Amino acid sequence: MDLAPLLDALRCTRADGRSISAWSVFASASRRLTLGTKDRETGNPHAPLNLAEGLTVRATIVWDDGRVSRAALERRQVEREPGPALVAARASAYDDPDARDVLGPATFPDVPVLDPGTERLAAGEIAPLAARLAAIRDRVSAGGIRTWSGSFHASSGTACVVTSAGLDVSGRGTSAGWHATLDGEFGAGHSARAPESDADFAARLDRLVATVLDLRRAAPGRPGGVVPVILHPDVVEEYVLGALFHNLEGAAVAHRTSAFRSDQFGLDTPVLREDIALTNNPLTPMRAGAYRFSPEGLPAAPVTFIDRGRLVAPVLELKYARRLGLAPNSAPGALDTVGFSGSSAIDEAAAIARAAGGVLVLNVLGVHTQDFTSGDFSLSAPQVLALGSSGIEGRLRGTISGNLFALLRAADLEFVRFPGEHTPGLLARCRFDSA
């Protein structure tokens, strides 16, 4: 990517009689390979082999009258027509004193985010995928699975942040992952800076097949009521962490649309059970959420959002850090760098035994319709496994309901370790109603 024409234009462009007094540019160029499978057929017209290149450029522009513009620019505008693009950006300038910060030079941490093998995959060397495609086909066939669909991806790229205050930082990274859905019902996969090991891939695939076979068996219906409910890590990520991070967003806190008030942060009053912690460490090597710097040019660093059930810090970009009078921090790039924990955790087998008479919820629908501020939830659960004294009894469909904050304050809440999952599951009591 050639940013020189854009940077030159930022230094000399005038629009509406105004010049640019400060600016920050984030740019990311990538090459991505994807190979899909649809209904057992790999690389067919519905899931082709695709090799694509992309460029993302975003600019924050502060004009000499204090107004601010934000622009997303195409390659053509960046390399050949930056001046007209900046003039157009002036037309949408707005007043926001908290959005004028532009970062200067800083010291940036080192964290491994680049895998040479993934770079070769992203460039089109797809031979390493053959063994894994064969493994899925063999395992699916051995399990009597009717059909499967999924995809593999690999990407490599370069990102940089350049500002008028003298910041100029760049870095290279990779991403690799896969996902497969069996029987059109349930899926699993993995994503990180490099492919997982062959052993981990095989174990994850075996767990996926076992779960799909469990879902094939219908369990006897049950009366509705409050029962032990295990939330699978997928549900914890989608709903529990989704709701917590929604309420921790600096914008939500500043605009008072969060369950948490700005004056609660730093107090010694718990809002969740006193052993619960929520953190992010973007310096964890080779994780999907690992990075050295944010799109604003903030050096990545570990951050604690909740400690001992107490609010420590919201998730803060520059604008809302200034508005709330707090320091900016490192937002999660992906959930595999997020730590969500209690004082102890039990393994999956122990949780299933303790939840006899209850259910294991594998997936939920309707998360986007929930009231994250109150914590009240009522979620459709189309993939549920009934649990009895002998373990998994088969599939149910239904609805789970309750209040998230009450659940996270309950004395009987337990964190659950699932094999191969970074995020824990949760064992709690809430209402389950069979469909």
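Which ring does the charged end of Arg132 sit over? Select Arg132 and Phe201 to find out. The model is predicted. In it, the charged end of Arg132 lies over the ring of Phe201, 4.7 Å from the ring's centre.

**Stop 1: Trp178 and Phe201**

The whole structure holds seven aromatic pairs. In one of them, the ring centres of Trp178 and Phe201 are 4.9 Å apart. Their planes meet at 65°, so this pair is edge-to-face. The pair joins distant parts of the chain: Trp178 belongs to strand 7 (residues 168-182) and Phe201 to helix 6 (residues 198-216), 23 residues apart. Both Trp178 and Phe201 are buried.

**Stop 2: Phe260 and Phe405**

Now select Phe260 and Phe405. Their ring centres are 6.0 Å apart, and with planes at 65° the pair is edge-to-face. Phe260 has a relative accessible area of 4%, so it is buried. Phe405 is buried too, at 6%.

**Stop 3: a ring cluster and another charge**

Select Tyr239, Phe372 and Phe377. Ring pairs link these residues into a cluster. Then go to Trp63. The charged end of Arg90 sits over the ring of Trp63, 5.3 Å from its centre.

**Stop 4: Leu73**

Finish at Leu73, in strand 5 (residues 68-73). Is Leu73 buried or exposed? Its relative accessible area is 8%, so Leu73 is buried. Beyond its neighbours within four places in sequence, Leu73 contacts Leu6, Val57, Val78 and Ala85. Show Arg58 as well: its C-alpha atom is 6.2 Å from that of Leu73, though the two residues are 15 apart along the chain.

Definitions and conventions:
Residues are numbered from 1 along each chain as its sequence is written. This is a predicted model: local features need pLDDT of at least 70, side-chain atom pairs count only at pLDDT 80 or more; totals for chains, interfaces and linings use all residues. Side-chain values use heavy atoms; hydrogens and water are left out. Helices (H or I, at least four residues) and strands (E, at least two) are DSSP runs, numbered from the N terminus. Buried means under 20% relative accessible area, exposed over 50%, partly exposed in between (1.4 Å probe, protein chains only). Contact means heavy atoms within 4.5 Å. Rings of Phe, Tyr and Trp (its six-membered ring) pair if their centres lie within 6.5 Å; planes under 30 degrees apart count as stacked, over 60 as edge-to-face and the rest as tilted. A charge sits over a ring if NZ of Lys or CZ of Arg is within 6 Å of the ring centre and within 35 degrees of the ring normal.
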